[in-house]
Amino acid sequence: MATVIEYKCPNCGSGMLFDAGTGTLSCPSCGRQDQIDQIPDPLKHQGVTEAADVKEYHCNSCGAVIVTERETSATTCSFCGSAVVLSDRLSGDFAPVMVIPFTISKEAAMKAFKKWCRNGLLTPKGFVTADRIAGITGMYVPFWLYDLNNGIEVHGQGTRVRIYTQGDYRYTETQHFNIYRKIRLNYVRLPIDASEKMNDELMDKLEPFPYDQLKAFKTPYLAGYLAEKYSYNDEQLFPRAKEKTSSYIDAYISSTVQGYSSVMYTDKLIDTTVKQADYVLLPVWMIRYNYNRQEYTFAMNGQTGKVVGKPPISKAKVTAWFAGVSAVSFVGLKIVSWMMGGGFL
């Protein structure tokens, strides 16, 4: 049986939780607050256990069996509610290097989400006004942060077209150029989420995270939140990291060949290598929202408050919006026609 880490208040014995507002390990009962950088991390004082060998976890407070999914590394006891950290799932290869702690509390997240809902211009009225949050969960999502070096060589053909008039004749002059570019592009802290169950599109849209807030990983940051260990290692996600940078590389190459009428690439070689890949945990509020017998999933950046997701769209509002645009266009055409001395039917 693996070690389960809990943080008990030295004053009253209650379970302590990470407080996003103060950045401390706090006791909800007596108000005690401990600075995390002054708390010894139990993970540094125990051996490494393979997660695959673990059969059972027991809550230190009530003795109940803790049932979790295979990827979960921090959760709460379903019987007594104690915040627990599963040490073996944060050890060895699964030990995060850094973490960005939550700074938005659950209450603040709910308030910010409701405000975001009210800003939806094309969402149904019932979605905007009703309080239909079915669940909100603070979760540390596993990411790999890549430092990538890209060596790029590009060959191509470019043209410049000049049209001019001389006497009674109009001429078109086309010049042809060979293009060669040798570029070095480095990317620092490119994030790729490493959880199988998380929606990649949602996680990508949550960026950017404030990487200046990265802290050396310590287990107290997880107290009171869910946390997951990675499903894919850095080598498995390397192709996705390369794919994610491809559009930026293409845009940069295009910026170096401006001034041509047309450009055609004949050869493009991109050699991408990993300088470093760090395993980190990033804060995400996952929100489930019920509307019209359907459940919608949204995600909120636990540091910046940015909300992403696809809310329902009101057909009536969309129709009214297009009607408004058409009416404005009609009035605009009438005014232009009147100014030109003509009529408009």
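A disulfide here is a pair of cysteine sulfur atoms within 2.5 Å. Keep that in mind as you click around this predicted model, where local features need pLDDT of at least 70, side-chain atom pairs count only at pLDDT 80 or more, and totals for chains, interfaces and linings use all residues. Residues are numbered from 1 along each chain as its sequence is written, and side-chain values use heavy atoms, with hydrogens and water left out.

**Stop one: the cysteines.** Select C62 and C77. The closest cysteine sulfur to that of C62 belongs to C77, but at 3.7 Å it is too far for a bond. The disulfide count comes to zero. Now pick C12: it is in no disulfide either, and the nearest cysteine sulfur, that of C27, sits 3.5 Å away. C12 is partly exposed at 39% relative accessible area, and C62 is partly exposed at 40% (buried is under 20%, exposed over 50%, partly exposed in between; 1.4 Å probe, protein chains only).

**Stop two: helix α1.** Select residues 106-118, a run of 13 residues spanning 19 Å from first C-alpha to last, close to the 18 Å expected at 1.5 Å a residue (that is, 1.5 Å times one less than the number of residues; helices are DSSP runs of H or I, at least four residues, and strands of E, at least two, numbered from the N terminus). Which residues of α1 are buried? A109, F113 and C117. The face turned away carries exposed E107, K111, K115 and R118.

**Last stop: D193.** Find D193 in strand β11, residues 169-193. D193 is buried, at 2% relative accessibility. Show its contacts (heavy atoms within 4.5 Å): leaving out residues up to four places away in sequence, D193 touches V141, P142, F143, M198, D200, M203, L237 and R240.
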